[in-house]
Amino acid sequence: MERVLYEKDHELYRETVREFLVREVEPHKDRWDTERWIDQTVFTRAASAGVYGLQIPEEYGGSNESDYRYRMIVCEEVAKINALSFGLTISLQDDLVLHYLLDLTNDEQKQRWLPGFAAGETIGALAMTEPGTGSDLQGIRTSAVRDGDDWIINGQKTFISSGIMADIVVVAARTDPNAGSRGFSLFVVERDTPGFVRGRQLDKIGLPSQDTAELFFENARVPATHLLGEEGRGLQYLMSHLPRERLGVTAKAMATTRAIFDITVNYCKERRAFGQAIADFQNTRFELAEMATEIDIATSYVDQSVLAYNAGKLTPVDAAKGKWYISELQKRVIDRCLQLHGGYGYMTEYAVGKAYVDTRIQTIYGGTTEIMKEIIGRDIVR
């Protein structure tokens, strides 16, 4: 089925992204995984090449380009070279942190933080999750108390992607314990903030070079000018930005699913068993036929979601549908692709084996599959 999502300018951009990845990422991605760290200088070069941060206004060093199709192209090209740790770090900037800074900052704050992002010199993180509090945002216990011209933050966050590398962290904290859902606010905490302590880099089963950390706030003193948006609206801000975050997970899942499927098709054509190519067995063809059909149908939904987002019409429910379904499809397809590779699929030097562990998190972060279904189900029956 012909895909009609992209136009000529998008395909020209694809060549730019592809050339950058071949030159700056592909030769280093395995070393990064071994060292459990991505060279931060690559983000400066990525920003210079226009691989992320396109939506930043021109006055702060960006291109003021909000068309999500360019973002989708980056996901697709990163998936093709299986550099998923790098891709996730880029997604954290484009699909999470930057949109809080673009949407909620005043002019002074924009001038303070956006130029660094546009240059690739500032890396951001979003700190919501706490020990014992995952998708239940109203269970956040980290507190912020006003003290003159500062806020004093105390608490702990965990599973924070880019938590070690981040230069600034958007932190969700409880500012009024008696105000219910209106008792939360967001703060930008900079790297050298007194009382802000990084914990250990967590040891994950996948995405080894994408650092994930524990963060501690021990009477961390944050200037009042670092309050993001209005006091008491933090939970509202978090909820309103979830469609973009979940579209980002969906985009990565769809791109990786198709990339691993294409690799598997080629493997089945080349790998021989019992005197013939694996692809010549009926069971293999049936497996490939089922996966190809599911991928094409899912791609249509993702493409429509991208266009809806561009038009400002992607609802939280529609984003939740894409997030749970495409991430579960990814898990299922990659598992079947690994099976078709046989023992070789279990080897990390094969893309399918690496993707198998790198993508397992997709049904968990950004809201679990179960939470997505609850959001959709409530909308249906309310």
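This is a predicted model: local features need pLDDT of at least 70, side-chain atom pairs count only at pLDDT 80 or more; totals for chains, interfaces and linings use all residues.
Trainee: Which residues of α1 and α3 meet?

Mentor: From α1 there are Thr16, Phe20 and Glu24, and from α3 there are Val42, Arg45, Ala46 and Ala49. Sorted by class, this contact has 4 nonpolar, 1 polar and 2 charged residues.

Trainee: How do you know that α5 and α8 are roughly antiparallel to each other?

Mentor: Helix α5 (residues 84-104) packs against α8 at an angle of about 160 degrees, the axes being 9 Å apart. The cut-off is over 145 degrees, so α5 and α8 are roughly antiparallel. This crossing is right-handed too.

Trainee: What makes up the contact of α5 with α8?

Mentor: On the α5 side you will find Leu84, Gly87, Leu88, Ser91, Asp94, Asp95, Leu96 and His99, and they meet Arg244, Glu245, Gly248, Lys252 and Thr256 of α8. Those residues divide into 3 nonpolar, 5 polar and 5 charged.

Trainee: At what angle do α3 and α5 pack?

Mentor: Their angle is about 65 degrees, and the axes are 12 Å apart. Val42, Phe43 and Ala46 of α3 make this contact with Phe86, Thr89 and Ile90 of α5. By class there are 5 nonpolar residues, 1 polar and no charged.

Trainee: How do you know that the span of α9 is close to the expected one?

Mentor: Set the two values side by side. Helix α9 (residues 282-310) has 29 residues and reaches 42 Å from its first C-alpha to its last, while 42 Å is expected at 1.5 Å a residue. Some of α9 is buried, including Leu288, Met291, Ile295 and Val302. What covers the buried residues includes α4 (68-80), α8 (242-270) and α10 (316-341). Just after α9, Gly312 takes a positive phi of about 75 degrees.

Trainee: Why is Gly232 called buried?

Mentor: Its relative accessible area is 6%. Buried means under 20%, so Gly232 qualifies. You can find Gly232 in the loop between β8 (227-228) and α7 (234-240). Leaving aside neighbours within four places in sequence, Gly232 is in contact with Thr175, Ser181, Arg182, Gly183, Phe184 and Ser185. The C-alpha atoms of Gly232 and Leu186 are separated by 8.5 Å, although the two residues are 46 residues apart along the chain.

Trainee: Is Leu207 buried or exposed?

Mentor: With a relative accessible area of 6%, Leu207 falls under the 20% cut-off, so Leu207 is buried.

Trainee: What is the phi of Asn64?

Mentor: Asn64 has a positive phi, near 55 degrees, and is also a residue other than glycine. You can look for Asn64 in the loop between α3 and α4.

Conventions:
Residues are numbered from 1 along each chain as its sequence is written. Side-chain values use heavy atoms; hydrogens and water are left out. Contact means heavy atoms within 4.5 Å. Helices (H or I, at least four residues) and strands (E, at least two) are DSSP runs, numbered from the N terminus. Ala, Val, Leu, Ile, Met, Phe, Trp, Tyr, Cys and Pro count as nonpolar, Asp, Glu, Lys and Arg as charged, and the others, Gly among them, as polar. The expected span of a helix is 1.5 Å times one less than its number of residues. Buried means under 20% relative accessible area, exposed over 50%, partly exposed in between (1.4 Å probe, protein chains only). Axes are lines fitted to C-alpha atoms, for helices over the stretch in contact, and angles run from 0 to 180 degrees between N-to-C directions. Angles under 35 degrees count as roughly parallel, over 145 as roughly antiparallel, 65 to 115 as roughly perpendicular and the rest as oblique. A crossing is left-handed if the near helix is turned anticlockwise from the far one by less than a right angle, and right-handed if clockwise.
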